[in-house]
Amino acid sequence: MTCQRCLGGMQHAVQIERTLHLARNETELERLDALPDSDAILAGETIDLVALVEDEVLLSLPLAAMHAEGECPA
Ligand SMILES: [Zn+2]
């Protein structure tokens with residue numbers, strides 16, 4: 001990623017732990033979503049796992065990536 005302070009390259013470790021329930025239909029989706037601390041999505045017969053993981057990673061990225069305090073050359 002690019003540091004928004006010095007515009008230099010920086011590494012950003014991604015660590016995501018998430019449980020996602022896959023619902024087969026709207027009824028199941030409502031039931032699973034109502035569970036405490038539950039996250040559910042409607043999934044058909046097949047699911048694009050790569051796209052799902054990609055979305056999770058993109059959502060986890062900071063809006064403005066910056067080197068940690070004291071590590072930025074700027
Ligand atoms: Zn920086």
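**Reading a zinc site and a loop**

Guide: This is a predicted model.

Visitor: What does the chain average in pLDDT?

Guide: Start with the general idea. Where pLDDT is low, the predicted coordinates should not be read in detail. Now this case. The chain averages a pLDDT of 91, and 100% of the residues score at least 70.

Visitor: Which residues coordinate the zinc ion?

Guide: Look for the donor atoms. Cys 3, Cys 6 and Cys 72 each coordinate through SG, and His 67 through ND1. The distances are 2.1 to 2.4 Å.

Visitor: What spacing do the donors follow along the chain?

Guide: Read it from the pattern C-x2-C-x60-H-x4-C.

Visitor: What geometry does the site have?

Guide: Check the angles. Four donors count as tetrahedral if all angles lie between 85 and 135 degrees. Here the angles among the four donor atoms are 103 to 122 degrees, so the site is tetrahedral.

Visitor: Is His 67 buried or exposed?

Guide: Use the cut-off: buried means under 20% relative accessible area. His 67 has 15% relative accessibility, so it counts as buried. Cys 72, another zinc ligand, is buried too, at 14%.

Visitor: Where is Glu 45?

Guide: Glu 45 lies in the loop between β2 and α2 (49-60).

Visitor: Is Glu 45 buried or exposed?

Guide: Exposed means over 50%. Glu 45 is exposed because its relative accessible area is 82%.

Visitor: How many Å separate the C-alpha atoms of Glu 45 and Leu 59?

Guide: Their C-alpha atoms are 25 Å apart, and the two residues are 14 residues apart along the chain.

Methods: Residues numbered from 1 in each chain as written. Predicted model: local features only at pLDDT ≥ 70, side-chain atom pairs only at ≥ 80, totals over all residues. Heavy atoms only, no water. Donors = N, O, S within 2.8 Å, 3.2 Å for Na, K, Ca; no water. Tetrahedral: all angles 85-135°; square planar, octahedral: opposite > 155°, others 65-115°. Buried < 20%, exposed > 50% of the residue type's maximum accessible area, 1.4 Å probe, protein only. pLDDT = per-residue confidence, 0-100. Helix = DSSP H or I, 4+ residues; strand = E, 2+ residues; numbered from the N terminus.
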